[in-house]
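Come along, and I will jot down what I look up as I go.

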Amino acid sequence: MAKTLFEKIWESHVVLDEGNGRSLLYVDRHLVHEVTSPQAFDGLRMNHRRVRRPDLTFATMDHNVPTDNRSLPIVDQTSGMQIRALERNCSEFGVRLFGMDSPDQGIVHVIGPELGITIPGSTIVCGDSHTSTHGAFGALAFGIGTSDVEHVLATQCIWMDKPETFEIRVEGRRRNPHAVTAKDIMLSIIRRIGTGGGTGTTFEYRGDAISELSMEQRMTICNMSIEGGARAGLVAPDEKTFDYLRGRRYLPEKFDDMVEYWRENLKTDGNAAFDRCFTIHVDDIAPQVSWGTNPAMTVDVTGRVPFPSEYAGGFPGEEKAAEKALQYMGLKPGTPITEIHVDRVFIGSCTNSRLEDLVEAAKVVRGRKVSQGVRAMVVPGSQHVKRQAEDLGLDRVFKDAGFEWRESGCSMCLGMNPDILASGERCASTSNRNFEGRQGTGGRTHLVSPVMAAAAAIAGHFVDVREMGLT
Amino acid sequence: MEPFSKIRSVATPLDKVNVDTDQIVPKQFLKLVQKTGFGQYLFYDWRYGTDGAPRKDFVLNDPAFRGSKILLAGNNFGCGSSREHAVWALLDFGFRAVISTSFADIFYNNCFKNGILPVRVDEKTLRMLFENRSEVEIDLEAQTVTSGEISAHFEIESHWKKVLLEGLDDIAATLRHGEEISRYENLHKDCDPRAS
C-alpha cells in the first residue's frame, strides 16, 4: 500500500499498537534542556527509576543562560538554580550535557543537527514545542510536556495518538530568494491556515520551493510548524540532507549504509494520500511582518495594519482578539507597515540564528549604521555558529554597525534570561512567537526574517528589503 | 494523580480565542523546579496590573467565580509553548476541567498527565455555556456536560478516559512492557549514535 513519509517513520517505530490509533513509539533521540526537565528528573528519583538510555539522551542549557559575559556569575538566582539542577541531574543519571562552558553549547534545536544527533527517519522528542525543527531532516520530531519527558527518560518510549497527515505543498520560485526568505514562506502559510490550522496533524512540506531550500532554510520552515498548530513537520531527506550531515560527530557508525536506505525509502510514495492538503505559490510573496499577538496576524511589508473586521473574516472571536491585539501592540488600523518604527532588533532564536541567517543579515548591515535610538543584537544559535561567523568576520560587520554580538542561547525569544523588552518597547524579531509578554511584559514583537530585521535596525522602521538589491 | 469522575461547579468564563500557554503562565515563572505553587502565577499578566494589584476587570478576580473548578474558553486553547507549567498552574489554582471547542495538541496531552479533563464541545454548546451562568456538571463516565437546560455529550479517547477515571501512573504501566521495548532495541541498534 502506498504510504506517506510520516506513515513510514511512524510504523517503523511502533513498539506496541493498541489497535485504536494509539501506539507506543520508540524514541531514537531525546533532547533535554533546563526548563522542562527538573520535575521529570525529580519524578525518577522519587520512584527510584533510572534513565533507560542515557546514550540516546542529550542535554544542554539554552533558555536561561545569559548571553553576555559567560565568565560572570549568573545574577538571577532562580535561573542559576535551574542550570545547577540540570548539571546535577545529568551527572547523577549519566546523561551527556553540553553545559554553559562547553564549546558545543547552544540552542537545543541548533546543536542537534550540528552535532549529527538529528538523523533522517528517526523519532526525536524534547520538552520544547520547537522540536519540530528537526523534521527538516525527515525525522519525526515533536515537543512534549514534562510528564512525557519523565516517561521517555524512564522508558525511551512515548504513547501517541496517530495524527492525521497534512500536505503543505509549496510551489513556484521566489523572484529574489535573498529578500524573500524561508521565514516569509512560513509566515505566509501560517497566516493562511491559522494558528490552529494544523492541530491534530503532522505536516509534510513538499514541492519545488521546498526542494530548492538549503537545510538551514528547511529548519526555519519546520521550526514554525507548531505555530500552525502541527506538533511535527517533515521534509523528505535528499542529497542536501545527507551532505549536511556527513562527518558530524554523533552520527551512527553505519551512516553511509543508512544513507542508501534513506535515499530509497524515506519519501512519500507517488500515489499515497494525505488526509488534508494546502498549496501555496511563492512566486509573488512579499517579505512578511506580523502586526498582532499571534503568528497568523501577519501581513506583507507593503501592506497596512488591518482593521479587526478585515482580519477576522466574519469570526466574532477573532475580531475581538484582533482588537485586543492592536491595543496591546499600540497600532492603528490602516497604518502602513513601513511607517512602524522599532526600538529594538533581535536576530536569533531556534528559528533564525544559524550561519546562513547571519550571513544574509550581514549583507544588509555591511557598511551601514544602526539607526539612532535603536538597540540591536545578534545572538548566534550555538557556540559553533558563533565561531564560524567570527571566522568569516561577521562579528566585526555587526559590531561596526552598532549591533551587540552575544553568546549563544534562546536570549530574547522568550525573555527567561536578562535579554528582555521593557514594557511598550517595539521589537523587530527573527523569533517565532509574538504572544503578549513573550519577549518581556508589555513588549511588542513583530516577527520578521533576518534580512528584514537587519534592515529595520538600519532604517529605524520596517522597509521592503526587496528594494535593497540583495544578492 | 487524583482520579476524576464527576465535578460540579460554577464555570469561569474566559471568552477569548487562541489563548496561548505564554498567557496561562508567563515565562518569568517557569524557573521553579517543582510542580506545585504555580497557581499564584496563573494568567499573571492579565490578572494583575503593572503595580501588582488584581485587575477588577479580569474574570479570575471576580468573587462570583471563586472556588470554580471549570474554565470555559474560546477555541484553540493552550496553543504555543509545550510548558506543562500551564497545566500545573490551572490545577494548583483549583481547576479540574477546561471546556472549549478545541485544544492545542501538546496542551491536551499535558492535561491528562495531571488529572485535568479537557472537554471538547461544539461552538453552539460553548456559546450557550458562556451565556448561561448556572453551575456546570461534568460526568466523565457518562461523557456529558450539563448545566440548566443544556446537556451535551463529549468525545474522549478511551485510554485517556481510563487514565483519568483511575488516576493511573502511566510510566509504571509502560514499564510492564519492558520485554517488548528491549526486543525493539535489539532490532534497531544501527540507529544508535556514536559513543564519542
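How many of the 196 residues of chain B count as buried? I looked this up to begin with: 43% of them do, where buried means that 20 or more other C-beta atoms, placed from the backbone, lie within 10 Å of the residue's own.

A note on ground rules: this is a predicted model, in which local features need pLDDT of at least 70 and side-chain atom pairs count only at pLDDT 80 or more, while totals for chains, interfaces and linings use all residues. Residues are numbered from 1 along each chain as its sequence is written, and chains are lettered from A and ligands numbered from 1 in the order in which they are written.

**Entry: chain B overall.** I found eight helices and eight strands in chain B; helices (H or I, at least four residues) and strands (E, at least two) are DSSP runs numbered from the N terminus. Its C-alpha trace spans about 60 × 45 × 25 Å along the principal axes.

**Entry: an enclosed helix.** Next I looked at helix H13 of chain A, residues 355–365. Eight of its eleven residues are buried, so H13(A) is largely enclosed by the rest of the structure. Among those buried are A:Leu355, A:Asp357 and A:Glu360. I checked what they pack against, taking a contact as two C-beta atoms within 7 Å: strands S15 and S16 and helices H14, H15 and H16 of chain A. Just after H13(A), A:Gly367 has a positive phi of about 75 degrees.

**Entry: two helices side by side.** I then turned to H6 (182–193) and H8 (215–223) of chain A, which pack at about 25 degrees with axes 9 Å apart. Axes are lines fitted to C-alpha atoms, for helices over the stretch in contact, and angles run from 0 to 180 degrees between N-to-C directions. H6(A) and H8(A) are therefore roughly parallel, the word for angles under 35 degrees. The contact includes A:Ile185 and A:Met186 of H6(A) and A:Ile221 of H8(A).

Entry: In what order do three strands of chain A form an open sheet? I read S1-S2-S8, with antiparallel pairing; strands pair if DSSP finds at least two bridges between them. S1 (14–17) and S8 (157–161) are at the edges with a single partner strand each, so one side of each lacks a neighbour in the sheet. The twist averages 25 degrees from one strand to the next. Five bridges join S2(A) to S8(A), and A:Ser23 has A:Met160 as its bridge partner in S8(A). Helix H8 of chain B (178–187) packs on this sheet, touching S1, S2 and S8 of chain A.

Definitions and conventions: A residue is buried if 20 or more other C-beta atoms lie within 10 Å of its own, exposed if 12 or fewer, and partly exposed in between; C-beta atoms are placed from the backbone. Angles under 35 degrees count as roughly parallel, over 145 as roughly antiparallel, 65 to 115 as roughly perpendicular and the rest as oblique.
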